[in-house]
Amino acid sequence: MGTREIVSLQFGHYSNFIGTHWWNIQETGFGYNGTESSEIDHDVLFREGLTVNGQVTYTPRLLLVDLKGSLGTLSEQGNLYEPLVDPSTADTNWNNKVEVYTSTTEIKNQFQEELYKTKNPREIFKKSFDFDNNVKVWSDFLYSRFHPRTTNIVSEYSHKQSSCFEAFAQGTELWRTQKFLETFSDKIRNYVEECDSFQGFHITLDATDGFSGLSSSCIQYIEEEYEKKPILAFPVIPSHYSDDKGIMSEPHFPNSFRVMNLAFCFDALNEHSSVFVPLCTGSDGWIQPRTKIEFNHVTYDHKLYYHSSAILAAALDTFSLRYRMKTHSYTLKDLCADFTTNSRKVVAASVCLPFSINEDSDFISCLDKWEGPLTKSITPNCSIGTDKLLQMFTLRGIPETRLKNQLSENKAQRHMPAFHCNSINEMLNFYLSCNYFYTLSSVTNVAKGVSVRTPFPHFFDDSVGANGNICATPRKKDLEDIPILAGLHSGSCIGDMIESLHSETKKIKKLDVGQFSKTGIEMQEISDCFDRLLDLTECYEDNYL
Amino acid sequence: MSAISLLNPKAEVARAAQALAVNISAAKGIQDVMKSNLGPKGTVKMLVSGAGDIKITKDGNVLLHEMQIQHPTASLIARASTAQDDMTGDGTTSTVLVIGELLKQADIYVAEGLHPRVLTEGFDKARLKTLEILDNMKIPIEINKDSLLDVARTSLRTKVHAELADVLSGICVDAILTIRKDEKPIDLHMVELMEMQHKTATDTQLVKGLVLDHGSRHPDMPKRVTNAYILTCNISMEYEKSEVNSGFFYKTADEREKLVKAERAFIEERVIKVIELKKKLCDGTDKTFVVINQKGIDPMSLDMFAKEGIIALRRAKRRNMERLALACGGIAMNHLNDLQESHLGHAGLVYEHVLGENKFTFVEECKIPQSVTILMKAPNKHTLAQIKDAVRDGLRAINNAIEDKAVIPGAGAFEVTAYKELMKYKETVKGKPRLGIAAYAEALLVIPKVLATNSGFDAQDTIVKLQEESGLNPEPVGLDLTSGEAINPKDFGIYDNYVVKKQIINSCSIIASNLLLVDEIMRAGLSSLKG
């Protein structure tokens, strides 16, 4: 069997931030020199294309949706397949007067400007740019180039007035317009038609605004149209809202709307997706993701989408590796089948970035000295325990040579029980079996780390050395690839998470429910949806097994 | 003091005359924006985004959206114009103009102390009378190529330049006449609109068959066949791993292999069934076989088909299943049990056209095609979008004419006549409402006035000329946009849709009346919530 292709969809601005980082991570990690053959099959997410002029292109198999005005300097069609038409010479098919309305031209930031001019885009890695202050929209740090099909703009709502596309029902209504029902679904079909052994869909979606409804409708459509094809959905919650005033979060509008959107989104995903993984860099995420999750050796500002989305993207790129490898025959469908026993469709994710291994240490000693859980949960309101789990870890960036000290120099290692393990995979499995109870784990490992080259944020502290390991002396060179561990988990913790969402819905004031209903949902439907959430928690009770 | 101010001191309130002034100025504002669009001599708008994307439009709706009009009154008018578009596909600019003008005229009387309620009474009377006038002016038509061409041309010449409009109207009329069956209503979905970024706009053509936006995915499949059987089906021909043999669960690799084989055989059986039928029907004759599937076909199945010289297409559009059955005959199959010749369609020619990475498959020379494709060509995306909008409107205009079985003389003739008749009618009405009727009649004249202005003539001059001519001549009198003289639109084949005018009269009167009767506008509460 050849490549098993995946089609990716991104709905919403924060999803596009994550997506942009994800595509950047992959493209900056490509080995172009041809000396190293990658373990990862990039054709799973990318496609080869051909322009009319006969030029070969390699672009993400992606469709993204965002609101009008969110693209910045990126043109909707992209300039990969054809140059932009100059408005002064454009053919208008009109013999009389033509009025030209020009919006203020967006100015490319330094990064985009240099990327546009350079002949060898990989030179850009050596430079540094002030992304922290300059990134306003996701296209500002986009390294990848897109297929003309990729970008879809919702012209009904504007990005700049952030508060208008904010209810689930607005999204479902939008799906029924011709633009989506015909044009967008046709684009999905065009991608799928090209694939020889299509394995399924990756869908990243903003779960707290109108995009929750749009994507839910889309997922329902996909489920009907491409039956049997698995849909792995990632509902995401932004790391920060601009209306967060720092005081205690009240269950008022617009917070109440967010909670209700989440509830409807989870309900729809549970119905129509195969597996879904809620993601957020805040640990208490329903109303306002206030407490940010801290990672060792990383100083990031959760108010910057540019930062927080990078962490989620690195995690996504890592735990999705399992079904993107050249050697494995494991597919997205297998993953969905494995996780959905007892109709448990919600899965939690966790990450350890960077996977901190000391420069002079071996994997065996690193695990030996490790305290606490290996990874941190990036699913909001979900603390992953060590008990009764089904989990899947992916470790990258630790080559087999770092496994243990083969020479007899290190006596201490010889006495460790894990010394008999002969591969990273085996050892991590052994570690997991010792530290978790009644748990089914599986491990994937890849020797090459995750690429953190520019435009990835430089938020690692100085003790992370150039090779990504923890060093005693501050690093001098730029980081390239770093080790990372990410996992997917299913267990009773998920039930707690959904229950916390349900109890949040109970706090919403009647007035706000009424307003939400005015956007196009029956009151009865709202309370039914909340009740179904409660039913859902039952699937995750331990005695259920 | 408004009651709401007691409850919510932050509420903004505008009352009575002030409220009316707000509404009228908004209506005037959007009228000004749209004015220059009207008619075949109006201006086309080119919108250039900050990143350089181009959009070309004359469609009032698109403009209203693009300009991000936030004013609630303006958005109410915009919605009326959207409704107009949904109902009839034309007349969006006229709607905005007439609503704006009705309010402008009303403003004059209200300023003199007339109560808006009295005016709206007059509006309502005038509306009923105008509908009557409209009915009297109806010109019944024979459904044939010439009469439909006139309607299509009138509509399309306001969207694209004359040369292209003539090409497109011919295509649209042909398309509709081909798929029309007796007296049954026409399903416009049975005209497929396919875009091809290639050549120029005037190369747009009608294909009496179907054009699919994908091709075969096997190098050995024929690229062109003649005299072909067409099997349309919705049957998965790709092997999919079932969930049982995945992940943690299978015991040995052998066991798994066996399962895979058994499942694979199941798919193969389907392919073999199709191949058997092909062998039965085509072997030894000059006939060929094409499979068009809504579901997937995997490389192994494609390979089996290719060995038999069968063209197989996968993942066809859902709607194309229906279209194919209408274009070529046959039935879209959901299973392959006892598959027979009668289930198959027929096409004289099937071939593939490749443009870069895009493939197109033409299914042509069908016997009695009841579904056709308009293949739109243009060198770039924005032109394609423009043509697509135009073709859609053209098809709607023709369809309207067929449903109405009548047309209305265009070029402002209806408005001029309506003015004349309304002024006569006014004399028969007693009391103040007659002022409303006068205002209404005056407002309708905005259409010929703007047509004249857009063509570079003096509005007053033209109106006087038209009214004089109309007073002498019982025939409808319209405006010739090239000479500025009065003409009979019938002589020039300028016809509008009856239903478009009817919808304009109805919706404009109602919206304008509603806006007039508003005597308090307030903004309070959840301001960020839409609608």
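How many of the residues of α8(A) are buried, where buried means under 20% relative accessible area with a 1.4 Å probe and protein chains only? In this predicted model, local features need pLDDT of at least 70 and side-chain atom pairs count only at pLDDT 80 or more, whereas totals for chains, interfaces and linings use all residues. Residues are numbered from 1 along each chain as its sequence is written, chains are lettered from A in the order in which they are written, and side-chain values use heavy atoms, with hydrogens and water left out.

Helix α8 of chain A is mostly covered, with 14 of its 15 residues buried. The helix, a DSSP run of H or I of at least four residues, numbered from the N terminus, comprises residues 305–319 and reaches 21 Å from its first C-alpha to its last, close to the 21 Å expected at 1.5 Å a residue, the expected span being 1.5 Å times one less than the number of residues.

In chain B, the domain assignment, which is automatic or from a database, gives domain 1 (3–140 + 408–523) and domain 2 (210–368); their centres, taken over C-alpha atoms, are separated by 55 Å.

A search of the whole structure finds six cavities of 30 Å³ or more, a cavity being a set of points on a 1 Å grid over the protein atoms alone where a 1.4 Å probe fits but cannot get out. The largest cavity holds about 50 Å³ of space, a volume being the space filled by probe spheres set on the points. Its lining, made of residues with an atom within 4 Å of a point, includes F414(B), E415(B) and K501(B), and α18(B) gives the largest share, three residues.

Notes. Helix = DSSP H or I, 4+ residues; strand = E, 2+ residues; numbered from the N terminus. Buried < 20%, exposed > 50% of the residue type's maximum accessible area, 1.4 Å probe, protein only. 1 Å grid on protein atoms, 1.4 Å probe; cavity = no way out; pocket = protein on both sides within 12 Å on 5 of 7 lines; lining within 4 Å.
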